[in-house]
Amino acid sequence: MTDILRSKIILIYTLILLIATFCVFGLEDNASKGILSVLNIILIVLPLFSIIFSTIYIYNSSEFIELLVSQPLQRKTIWLSFLIGLAIALSLSFIIGVGIPILLFQLNIIGFLIIFVGVVLSIIFVSIALLAAVQIRDKAKGIGIAILLWIYFSILFDGLVLFLLFQFADYPLEKPMLLVSALNPIDLARILLLLQLDVSAMMGYTGAIFKDFFGTVTGLIISCFVLMLWSAIPMYLSVIKFNKKDL
Amino acid sequence: MIIASSVTKQFGKLKALNNVSLKCRQGECISLIGPNGSGKTTLIKCILGMVIPNSGFITFNNKNIAKDWLYRDEIGYMPQIGRYPENMTIGQLLAMMKDIRNTGIHEVDEDLIQAFQLTGMLNKRMRTLSGGTTQKVSAALAFLFNPSVLILDEPTAGLDPISSEILKEKIIAEKQKGKLILITSHILSDLNDLVSEVIYMQDGNLLFHKSIDQLRTDTGEEKLTKAIASVMIKGNL
């Protein structure tokens with residue numbers, strides 16, 4: 001799997017993350033304001049890059065996968081080693097690109113939480129990408145679906161939630177909102193991190209409910225658990241699909 | 001050695017394999033013959049576990065291949081169109097395959113690498129190779145680990161006459177060691193002095209599986225080429 005790390009694109013991705021993070025911290029006089037901007041980078045750029053890079057990588061390795069499948073290797077092993085290779089490469093570039101500057105400027109529990117969430121998000125989107133790539137044979141279609149999935153998770157989902165909120169504004173929606181937020185890993189990560197940053201006061205009454213839930217240790221553990229589920233379920237499904245795939 | 005029982009595979013509406021059953025024993029040299037799209041490659045891919053049948057099962061040395069993967073250690077496979085990672089050099093590819101196959105158990109058989117003069121091109125990337133050279137690499141890889149079963153899908157397609165002669169000699173040599181060899185080819189004259197059994201497929205059905213002597217007496221033709229031709233004509237009637 002060293003060829004992923006050698007790939008120029010991954011290096012460029014790391015460098016861009018690194019430069020962006022340093023710039024943000026350099027521009028803001030207040031480190032916690034800086035961290036808010038870094039959060040936006042994490043929540044938009046990281047899923048996009050992870051999902052697209054992984055999908056393209058899998059499609060480009062189709063010959064390689066074909067070759068490996070005809071060898072005495074278990075299919076599960078082949079697929080998981082692709083997944084682990086991609087996850088490690090992307091997490092590493094995240095840790096180098098964002099993790100190091102954060103630890104330089106903000107060496108506390110929030111910094112570590114951000115790094116943790118970023119790594120988990122990378123893994124989640126690698127496994128979603130692999131699920132998309134195993135499901136769809138055609139390369140162009142597969143990459144298209146990957147982009148659509150990203151748009152759904154980072155833009156459309158919020159729109160849908162807002163729409164629902166307006167439609168059912170007369171009902172008490174705070175509790176159901178907690179459940180809904182678990183349906184989108186990006187949202188979950190955002191809420192989880194924002195609440196640690198003490199800007200949740202701006203989020204109104206719903207924010208208070210969130211604070212009640214996510215602010216507690218139980219809430220933190222449950223939401224981390226849900227994030228883990230988000231990486232495990234697509235991973236599991238993609239392994240099952242790959243085991244039955246004709247090559 | 002390899003037993004397939006009522007294997008059926010469907011791609012959408014197309015039935016690529018329809019209730020195919022066959023038995024292959026050690027020491028046989030079987031040629032799979034049939035028109036394009038008759039399911040030869042699909043059958044081979046089923047045996048290799050690359051395509052998973054809709055129904056029926058295949059056993060290798062009395063073990064069902066659906067749950068096993070180590071049996072592929074005994075098989076050398078030469079695909080019809082070899083597709084390899086483009087950025088790898090021939091040397092890296094060979095090293096990687098040796099790594100996967102854990103060559104403590106098998107002796108490495110590098111005859112074909114020598115004979116095809118691939119040693120001089122170990123630093124060439126797979127992307128830059130011509131179709132014929134890729135085919136040579138495929139052949140060398142199939143024979144590299146001295147497997148007891150060789151599955152060759154159109155081995156001589158795209159090879160120049162000299163190389164295809166080298167390959168044929170190699171196949172005959174391996175056959176004499178008592179290995180099971182499965183060949184598909186459209187160039188019947190290539191098969192003349194090789195095969196001991198013939199499997200004829202059409203539209204996903206296995207029409208017959210006969211020894212070459214049986215086929216000769218049935219058709220009254222001495223040459224395989226003519227025997228098959230007479231079968232094809234009869235089949236169309």
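These are my notebook entries on two chains of a predicted model.

**Ground rules.** I number residues from 1 along each chain as its sequence is written, and I letter chains from A and number ligands from 1 in the order in which they are written. Since I am reading a predicted model, local features need pLDDT of at least 70 and side-chain atom pairs count only at pLDDT 80 or more, while totals for chains, interfaces and linings use all residues.

**Entry 1: the sheet of chain B.** I started with the open sheet of chain B, where six strands run in the order 6-7-8-3-9-10 with mixed pairing. For the elements I use DSSP runs numbered from the N terminus (helices are H or I of at least four residues, strands E of at least two), and two strands pair if DSSP finds at least two bridges between them. Which strands stand at the edges? They are strand 6 and strand 10 (205-211) of chain B, each with a single partner strand, so one side of each has no neighbour in the sheet. From one strand to the next, the twist averages 15°; angles here run from 0 to 180 degrees between N-to-C directions, with axes fitted to C-alpha atoms, for helices over the stretch in contact.

**Entry 2: two pairings.** I looked at strand 6 of chain B and strand 7 (residues 149-153) of chain B, which pair in the parallel sense over four bridges. In that pairing B:Y77 sits opposite B:I151. I also checked strand 3 (residues 29-33) and strand 8 (residues 180-184) of chain B, parallel over four bridges, with B:C29 opposite B:I181.

**Entry 3: the faces of strand 6.** B:I75 and B:Y77 point one way from strand 6 (residues 75-78) of chain B, B:G76 and B:M78 point the other way, and all are buried. My cut-offs, with C-beta atoms placed from the backbone, are 20 or more other C-beta atoms within 10 Å for buried, 12 or fewer for exposed, and partly exposed in between.

**Entry 4: helices on the sheet.** Helix 4 (residues 131-144) of chain B lies across strand 6 and strand 7, at about 175° to strand 6 of chain B. Helix 7 (residues 212-219) of chain B lies across strand 9 (197-202) and strand 10, at about 100° to strand 10 of chain B.

**Entry 5: a helix pair in chain A.** At what angle do helix 9 (residues 185-196) and helix 11 (residues 217-243) of chain A cross? Their axes come within 10 Å and cross at roughly 155°. Helix 9 of chain A is therefore roughly antiparallel to helix 11 of chain A (under 35 degrees is roughly parallel, over 145 roughly antiparallel, 65 to 115 roughly perpendicular, the rest oblique). A:P185, A:L188, A:A189 and A:L192 meet A:S223, A:V226, A:L227 and A:W230, contact being C-beta atoms, placed from the backbone, within 7 Å. By class I find seven nonpolar, one polar and no charged residues there; Ala, Val, Leu, Ile, Met, Phe, Trp, Tyr, Cys and Pro count as nonpolar, Asp, Glu, Lys and Arg as charged, and the others, Gly among them, as polar.

**Entry 6: A:I191.** This residue sits in helix 9 of chain A. A:I191 is buried because 25 other C-beta atoms lie within 10 Å. Not counting residues up to four places away in sequence, A:I191 touches A:S181, A:F210 and A:F214.

**Entry 7: where the chains meet.** I found 14 residues of chain A in contact with 14 residues of chain B. Helix 4 (residues 62-69) of chain A gives the most to the chain A side, with five residues. That side divides into six nonpolar, three polar and five charged residues.

Technical notes. Two residues are in contact if their C-beta atoms, placed from the backbone, lie within 7 Å.
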